[in-house]
Amino acid sequence: MNKLCKIYIRKIKALFPIMGKSERNFIKTIKINVNDFLADTPDCNLEDLYEEFGTPEDVINSYYTSVNTDRIIKRIKISKYVKILISIFILCLLALTIFRFYILYEEHQVFMQEQVFFEETVIE
């Protein structure tokens, strides 16, 4: 894959709010078309790709006009809730870990205070 194609596809991928199977298939077809165009015209630049295929914003707009927006909105909401749940789970694990280290530290302090020291006295 050409470096110019990678740049163009990366700009398009950055504009997708979520990446599902249909979005990956859409990007795959664009990638094939861009690679074919670059094979035919090897001395083109990014502006030529914008003229041929459109700017990344135009490509994304054309994609979203062709798909069911209710399904996309539902997937965005679900992904938002999943991200929130994962964040809460990670925060709970972090809090439990910090609490566990605090308990271990307190136990260590008690152990150090209660440690018995033996002193040998030699009687002659």
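Q: A nonpolar core is a set of buried Ala, Val, Leu, Ile, Met, Phe, Trp, Tyr and Cys residues joined through side-chain atoms within 4.5 Å. How many residues does the largest nonpolar core have?
A: This is a predicted model: local features need pLDDT of at least 70, side-chain atom pairs count only at pLDDT 80 or more, and totals for chains, interfaces and linings use all residues. Residues are numbered from 1 along each chain as its sequence is written, and side-chain values use heavy atoms, with hydrogens and water left out. Buried means under 20% relative accessible area, exposed over 50%, and partly exposed in between (1.4 Å probe, protein chains only). In the largest core, Tyr8, Phe16, Ile30, Leu38 and Leu49 have the most contacts, and the number of residues is 22.

Q: Which helix supplies the largest share of this core?
A: Helix H1 (3–14), H2, helix H3 (46–53) and helix H4 (56–66) each supply at least two of the core residues. The largest share is six residues, and these come from H2.

Q: Which residues does Ile30 touch, not counting those up to four places away in sequence?
A: Contact means heavy atoms within 4.5 Å. By that test, Ile30 touches Tyr8, Ile9, Ile12 and Val59.

Q: What pattern does the protein chain follow along the sequence?
A: Helices (H or I, at least four residues) and strands (E, at least two) are DSSP runs, numbered from the N terminus. The protein chain has five helices and zero strands. Read along the sequence, its pattern is α-α-α-α-α.

Q: What is the radius of gyration of the protein chain?
A: The radius is taken over C-alpha atoms, and the globule rule is 2.2 Å times the number of residues to the power 0.38. For 124 residues the rule gives 14 Å; the chain is well over that, so it is more spread out than a compact globule, with a radius of gyration of 30 Å.

Q: What does the C-alpha trace of the protein chain span along its principal axes?
A: Of the 124 residues, 23% count as buried. The trace spans about 105 × 40 × 20 Å.

Q: Which residue forms a salt bridge with Glu23?
A: A salt bridge is a side-chain nitrogen of Lys or Arg within 4 Å of a carboxyl oxygen of Asp or Glu. The whole structure has one. It ties together parts 52 residues apart in sequence, because one partner lies in helix H5 and Glu23 in helix H2. The closest N and O atoms are 3.1 Å apart, and the partner is Arg75.

Q: Is Glu23 buried or exposed?
A: Glu23 sits in helix H2 (residues 21–40). Leaving aside neighbours within four places in sequence, Glu23 is in contact with Phe16, Ile18, Tyr63, Ile72 and Arg75. Its relative accessible area is 0%, so Glu23 is buried.

Q: How far apart are the C-alpha atoms of Cys5 and Ile76?
A: Cys5 is in helix H1. At 0% relative accessibility, Cys5 counts as buried. Beyond neighbours within four places in sequence, Cys5 is in contact with Lys31, Val34, Asn35 and Leu38. Ile76 is 71 residues from Cys5 along the chain, and their C-alpha atoms are separated by 27 Å.

Q: What is the relative accessible area of Leu93?
A: Leu93 belongs to helix H5 (residues 69–114). Leu93 is partly exposed, with a relative accessible area of 41%.
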